[in-house]
Amino acid sequence: MIDFDKLIDNHLFREHRPKKIGSYYPSEIGGCLRKLYYSYKYPIPIQPELVKIFEVGNIVHNFIAEVMRSEKNNHVQLLDSELPFKIELNGFVISGRIDDLLLIKESGKKLLVEVKSTSRVDSTDEAQPHHVMQLQLYMHAIGVKDGAVLYVEKNTLKTRAFPIEYHEGIAAEALNRFNMLHNSLKDEKTPSPEARKDHEKLWMCSHCDYKDRCFRETPDSELGK
Ligand code: SF4
């Protein structure tokens, strides 16, 4: 029998390309800054299982774009999808792709939609702060004041959307975090282990490939734990 898992692995295989200092991505900036710093300094190839999870995210996003483009949904118009995004700032570049720009025909309102696939759509009562930060940055860059983080359950296609209004302060905080990251990388100064210091972000540590390095560099005792 043909090994279909192998076919999928072959299809999704990409050469590992370490990230370059000076090129940054909006989807990452709401996460732990130390983890992000380590990912530039000590790159680790993405595990095949994770590549598959990302691909499921792409498949879900393509489906949602198709739904918004559908003639059966002619009260909305998909103005753009996978819109290239670039900000040049203080010697570095932030770039990525904005998921979807939707026009609500009745109100004439434009809505930026950031699509996130999830295993359980009911697991949260609000949009996750790192997703909101990513969306705020996009709204800031293209001047659209209304957005939504749209969670889509992978197994059921059930959705949950959280409306987000543009907030200049959050967009500025995101830009400031890119500045901090860039300066840390240039000066080779490891940022503090922010997820371990913030109860709301502690969950990030359980998915972190750099946990051992982080604890070696800053033992709990130094954080007063
Ligand atoms: S273990 Fe936690 S605090 Fe340390 S780098 Fe990873 S996410 Fe950040």
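Is Glu-188, with 8 C-beta neighbours inside 10 Å, buried or exposed? Glu-188 counts as exposed, because 8 C-beta neighbours lie inside 10 Å. The scale behind that word calls a residue buried if 20 or more other C-beta atoms lie within 10 Å of its own, exposed if 12 or fewer, and partly exposed in between, with C-beta atoms placed from the backbone.

Before the points, a word on what you are looking at. This is a predicted model, in which local features need pLDDT of at least 70 and side-chain atom pairs count only at pLDDT 80 or more, while totals for chains, interfaces and linings use all residues. Residues are numbered from 1 along each chain as its sequence is written.

1. **Two positive phi angles.** Glu-188 is found in the loop between α5 and α6 (194-197), and its phi is near 50°, a positive value in a residue other than glycine. Helices (H or I, at least four residues) and strands (E, at least two) are DSSP runs, numbered from the N terminus. Glu-82 also has a positive phi, near 55°, but Glu-82 sits in strand β2 and counts as partly exposed, with 14 C-beta neighbours inside 10 Å. For background, most residues other than glycine have a negative phi.

2. **Helix α2 against helix α5.** The axes of α2 (residues 33-41) and α5 (residues 168-187) come within 10 Å and cross at roughly 45°. That angle makes α2 oblique to α5. Axes here are lines fitted to C-alpha atoms, for helices over the stretch in contact, and angles run from 0 to 180 degrees between N-to-C directions. Angles under 35 degrees count as roughly parallel, over 145 as roughly antiparallel, 65 to 115 as roughly perpendicular and the rest as oblique. On the α2 side the contact has Leu-33, Leu-36, Tyr-37 and Tyr-40, which meet Arg-177, Met-180, Leu-181, Ser-184 and Leu-185 of α5; two residues are in contact if their C-beta atoms, placed from the backbone, lie within 7 Å. By class, the residues of this α2 and α5 contact are 7 nonpolar, 1 polar and 1 charged. In that count Ala, Val, Leu, Ile, Met, Phe, Trp, Tyr, Cys and Pro are nonpolar, Asp, Glu, Lys and Arg are charged, and the others, Gly among them, are polar.

3. **Helix α4 against helix α5.** Helix α5 also meets α4: their axes come within 8 Å and cross at roughly 100°. This makes α4 roughly perpendicular to α5. From α4 come Val-132, Met-133, Gln-136, Leu-137, Met-139 and His-140, and from α5 come Ile-170, Ala-171 and Ala-174. The contact of α4 with α5 has 7 nonpolar, 2 polar and no charged residues.

4. **Helix α1 against helix α3.** Here the axes of α1 (residues 4-12) and α3 come within 10 Å and cross at roughly 80°, which makes α1 roughly perpendicular to α3. Ile-8, Asp-9 and Leu-12 of α1 meet Pro-48, Val-51, Lys-52 and Glu-55 of α3. This contact of α1 with α3 divides into 4 nonpolar, no polar and 3 charged residues.

5. **The largest nonpolar core.** This core has 36 residues, of which Leu-112, Leu-135, Val-149, Leu-150 and Leu-181 touch the most other members. A nonpolar core is a set of buried Ala, Val, Leu, Ile, Met, Phe, Trp, Tyr and Cys residues joined through C-beta atoms within 7 Å. Elements that each supply at least two residues include α2, α3 (48-69), β3 (92-104) and β4 (109-118), and the largest share, 6 residues, comes from α4. Leaving aside neighbours within four places in sequence, Val-149 is in contact with residues including Glu-114, Lys-116, Leu-135 and Ile-164.

6. **Phe-85 and Tyr-138.** Phe-85 lies in strand β2 (residues 76-89) and counts as partly exposed, with 16 C-beta neighbours inside 10 Å. Tyr-138 is in helix α4 and counts as buried, with 24 such neighbours inside 10 Å. Although 53 residues apart along the chain, Tyr-138 and Phe-85 have C-alpha atoms separated by 7.7 Å. Beyond four places in sequence, the contacts of Tyr-138 are Pro-26, Phe-85, Ile-98 and Leu-112.
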